[in-house]
Each structure stands twice: as C-alpha cells, then as structure tokens.
Amino acid sequence: MAFEIERKFLVTSNQYKQVAYQKNYIKQGFLNSKKERVVRVRIKDNTGFLTIKGTSNKSGTTRFEWEKEIDLQEAKELLNLCEKGIIEKYRYLVKVDNHTFEVDEFLGKNKGLLVAEIELEHEHEKFCKPNWLGTEVTGVIKYYNSNLSKLPFSEW
C-alpha cells in the first residue's frame with residue numbers, strides 16, 4: 001500500500017511560471033467520485049494512468065493512493081465512460097528548496113483557479129513557502145478535482 005501526504009494551497013500570482021522546470025497538459029475524468037474510493041483516469045501529455053484514492057484522514061493531508069500507467073488508447077476509451085465533468089489543466093512543476101510544488105492552472109469551466117500541491121514525507125514536515133503561495137485549502141473538499149468535475153469553479 002502507498003499513502004500520499006500532501007498539502008494544497010491557492011496560488012496568488014503567475015510568478016511560478018517563471019521558475020517552473022516542466023509543464024504538462026492533463027485531461028482527466030472520474031469513473032467513481034465517491035470519497036471512499038475515487039477512481040480516476042488521466043492522460044498526461046501522451047501517457048495514460050489509472051489511479052485509485054481512498055478516504056482522507058481528518059486533516060485532509062493523508063490518504064491511500066494507487067496509480068498505474070495504462071495504454072494511451074485504453075485511457076482515451078475509459079475517459080468516455082467517466083462521470084460527467086472532465087477536468088483539463090496545465091500542471092507546472094516548481095522546485096523550491098528540497099520540495100517540488102505541482103501548480104495546476106485549470107481550464108474550461110474551472111478557468112481562473114490556480115492550486116498548488118506539495119507532497120511531503122510526513123504530515124508536519126517543514127517546507128519553504130514561495131511568495132506566490134496563498135491560503136491553504138488542504139482538506140477543503142470543493143478543491144478536490146473529483147468535486148471540481150461536478151461543481152466547477154465558474155459555478156461557485
């Protein structure tokens with residue numbers, strides 16, 4: 001079993017783009033978006049992935065995650081079976097000291113939303129916060145991609 005420990009923040013400016021070392025286009029959908037077991041299909045550039053996530057702990061920082069690379073054509077076919085609300089976004093990778101922030105610039109009905117995530121080794125690990133990092137939204141359900149697919153940012 002693998003557990004991910006991450007914290008999530010709103011992003012206050014586009015400064016992260018100047019220091020990003022990678023940019024990917026992501027399209028994803030959810031075969032199941034129930035919080036007990038989220039099943040996601042993702043295409044990142046030209047690679048397919050199938051991911052299963054479990055329920056988050058109380059703080060929203062830790063949950064089970066299983067991910068496998070799958071055939072690109074199969075990923076495209078699985079996207080057609082997903083629940084309503086496909087997510088599209090650009091993901092920027094930004095190195096800050098010993099950590100990497102993943103900054104998602106959402107497209108479509110979620111355009112205007114910028115969210116940064118950082119994966120940690122343990123829940124209370126210290127990390128440097130760049131000046132473009134805003135309010136923490138770790139554990140705030142409306143910012144989960146599975147919820148953004150059903151209730152997009154443009155409808156808040």
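This is a predicted model: local features need pLDDT of at least 70, side-chain atom pairs count only at pLDDT 80 or more; totals for chains, interfaces and linings use all residues.
Reader: Good. How many helices and strands does the chain have?

Author: Helices (H or I, at least four residues) and strands (E, at least two) are DSSP runs, numbered from the N terminus. Here there are 3 helices and 9 strands, and from the N terminus on their order is β-α-β-β-β-β-α-β-β-β-β-α. The radius of gyration is 15 Å, close to the 15 Å of the globule rule for 156 residues, so the chain is as compact as a globular protein of that length. That radius is taken over C-alpha atoms, and the rule is 2.2 Å times the number of residues to the power 0.38. The C-alpha atoms fill a box of roughly 40 × 30 × 30 Å along the principal axes.

Reader: What share of the residues counts as buried?

Author: Buried means under 20% relative accessible area, exposed over 50%, and partly exposed in between (1.4 Å probe, protein chains only). Of the 156 residues, 45% count as buried. The accessible surface, from the Shrake-Rupley method with a 1.4 Å probe and, for residues, only the protein chains shown as cover, comes to about 8800 Å², and 49% of that belongs to carbon and sulfur atoms.

Reader: And which share of the contacts joins residues 24 or more positions apart?

Author: Contact means heavy atoms within 4.5 Å. Among contacts with a separation of 6 or more, residues 24 or more positions apart account for 61%. Glu136 gives an example: this residue of strand E9 (residues 133–136) is 127 residues from Phe9 in sequence, yet their C-alpha atoms are 4.2 Å apart. Not counting residues up to four places away in sequence, Glu136 touches Arg7, Lys8 and Phe9. At 33% relative accessibility, Glu136 is partly exposed.

Reader: Let me try Ile87. Is it buried or exposed?

Author: Ile87, in strand E6, is buried at 1% relative accessibility. Leaving aside neighbours within four places in sequence, its contacts include Ile26, Phe30, Phe106, Asn145 and Leu148.

Reader: What about Asn32 and Lys68: which strands hold them?

Author: Asn32 is in strand E2, and Lys68 is in strand E5. With 17% relative accessible area, Asn32 is buried, whereas Lys68 is partly exposed at 44%. Apart from neighbours within four places in sequence, Asn32 is in contact with Arg37, Val38, Val39 and Glu83. Lys68, with residues up to four places away set aside, touches Gly48, Phe49 and Leu50. The C-alpha atoms of Lys68 and Thr51, 17 residues apart in sequence, are 6.5 Å apart in space.

Reader: Last topic, pockets. What is the volume of the largest pocket?

Author: Rolling a probe the size of a water molecule over the atoms shows where empty space is left. On a 1 Å grid over the protein atoms alone, a pocket is an open set of points where a 1.4 Å probe fits, with protein on both sides within 12 Å along at least five of seven lines; lining residues have an atom within 4 Å of a point. Grid points are joined across faces, edges and corners, and a volume is the space filled by probe spheres set on the points. The largest pocket has a volume of about 520 Å³. Of its 32 lining residues, the closest to the centre are Arg40, Arg42, Lys53, Glu65 and Glu117.

Reader: How many lining residues fall in each class?

Author: The lining has 5 nonpolar, 11 polar and 16 charged residues. Here Ala, Val, Leu, Ile, Met, Phe, Trp, Tyr, Cys and Pro count as nonpolar, Asp, Glu, Lys and Arg as charged, and the others, Gly among them, as polar. Elements that each supply at least two lining residues include strand E3 (38–44), strand E4 (47–53) and helix H3 (145–148).

Note on methods:
Residues are numbered from 1 along each chain as its sequence is written. Side-chain values use heavy atoms; hydrogens and water are left out.
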